[in-house]
Amino acid sequence: MAEKPLNILLITSDQQHFSTLGSVNPKIKTPALDRLASEGTRFDRAYCNNPLCSPSRSTIVTGLYPSWHGCWTIGVKLAEDVPTVGEMLSRSGYRTSLVGKAHFQPLACAPGQDSLECQPTMRDLDLWRNFHGPWYGFDHIEIARMHADEAHVGQHYAIWMEEKGLKNWRDYFQKWPPEPRASEPKRYWEAGRRHKWDLPEEFHYTTWTGERTIANIEESVRENKPFFVWSSFHDPHPPYLVPEPWASMYDPEDMKIGTMIPGELDRMPPHHQLTQEESPDFSAWRETPHPNHGFHTHTFETEALKKDVAIYYAMVSFMDQQIGRILKRLDELGVADNTLVVFSTDHGHFFGHHGLIAKGAFHYEDLLRVPFIVRCPGAKSHGQSSEPMQALIDLAPSFLSAANVPIPGSMQGVNQLPVWRGEAKQARDEVIVENRHQPSAVHLRTYITDRYKITLYRDREYGELFDLQNDPEERRNLWDEPSAAQIKCDLMKRFMNAELRREPTRFARIAGA
């Protein structure tokens, strides 16, 4: 009898710091993710390949770097003709579904960049009642675009709220079109409600994502088809807002926030230093009308940030509750032993680390490293933490390998399945992270090895070099250190070689000419 194909369940959060797992941090409660780690492997050196939502998510589904798949920053569409892992699995008999956040398309339309994820389309519920895919290789989609109470609510989530009896769902979200404000807040997530949300948890999008993930798994089991389900949770991305009982779950006084030591930014590029000014001028880094994430003041009051972090933790714990429901249902359906489960996020988050808040073109570990847990059927060990490097670009080829589907030469990620099973020690010894947030003014690239990290900026003399072994908190930039000149030279050579190696090969050479 032929071996039954593995089911594949990808669970992601949005903008989650790698330390917010109960298995590494006793201050946060994540029993479901702790269970997943105890039954699988937690990889502690996992990285995104771009620290922004759309490029990172597009890399997950394509197995390509943003410079190849074309969605090079947020506000740019992932072209719908780019091959995706869902499309390849669907052709091989899998039922493919996406539930939750997509963010493959911008909040505007332009010739050649038509978007379903823009207004007023997102609030056109008649359209969404009749459209569930196919889309980016997913046979079935149920998506929503907002975070917290943002005005971009709508799509399948709004329909679900109405079906659940919440006809006045608009009352719990910011208005669209937005109402004029007397002044703009310092940071975009401070525009709406803060911390405690009056939206009941049974109508929250985290509940919706968990419930509809389960429904899609159940449908696949009924159809007796292998499934690839991406369960894409929206939190803990700011705004920091969550309903009770979660809003009161953590005491702000118990929260530990990141730090910046005196003088640590003196050796860093100028845009890092400007973040500590009250009214910084970042105009030199803006060449389009569209703003740069993180290019604003990052000054904060400690007590206010602790309140934000308490809610951030609560958002993770609420998500974890729903992940627990999903894992329990896999058990009840009898498919857990034949389902590859991977948990990660699209990129990290700052809460005070190096004086920073949220995200931006600041390539510290806090932003680039991601939580990463794999429960793989047939793995040789369980409950281990592991150091082999992982990257989000590796998910697509690894999923294809798990499904016994050939990995196309056009994919740039590596197959991590042997590592997940414990059959190989490592599949990669370096990671490349891209970040191009303006056409040229904000364009940087980072190369990470087991010990070192180097960051280059387009057309700039400055850069970053950190020894992650002797300086794991990245307090001392060695870029201009004479004693580190040879290390920098060696890393530049390795970096260039890695750039050559990552070039994809769509077709093999089959003739002399």
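**Note on backbone and burial in a predicted model**

1. Apart from its neighbours within four places in sequence, Ser220 is in contact with Arg95, Lys225 and Phe227 (contact means heavy atoms within 4.5 Å). Ser220 lies in helix α7, residues 205–223; helices (H or I, at least four residues) and strands (E, at least two) are DSSP runs, numbered from the N terminus. Ser220 counts as buried because its relative accessibility is 0% (buried means under 20% relative accessible area, exposed over 50%, partly exposed in between, with a 1.4 Å probe and protein chains only).

2. This is a predicted model, in which local features need pLDDT of at least 70 and side-chain atom pairs count only at pLDDT 80 or more, while totals for chains, interfaces and linings use all residues. Residues are numbered from 1 along each chain as its sequence is written, and side-chain values use heavy atoms, with hydrogens and water left out.

3. Most residues other than glycine have a negative phi, and most peptide bonds are trans. The points below list departures from this pattern.

4. The peptide bond from Pro238 to Pro239 is cis, with omega near 5 degrees. Pro239 sits in the loop between β7 (227–232) and β8 (241–243).

5. The bond from Glu244 to Pro245 is a cis peptide bond, with omega near 5 degrees. Pro245 belongs to the loop between β8 and α8 (270–274).

6. Tyr136 is not a glycine, yet its phi is positive, about 50 degrees. This residue is in the loop between α5 (125–129) and β5 (140–143). With a relative accessible area of 6%, Tyr136 is buried.

7. Gln155, also not a glycine, has a positive phi of about 55 degrees. Gln155 is in helix α6, residues 155–163, and counts as buried at 0% relative accessibility.
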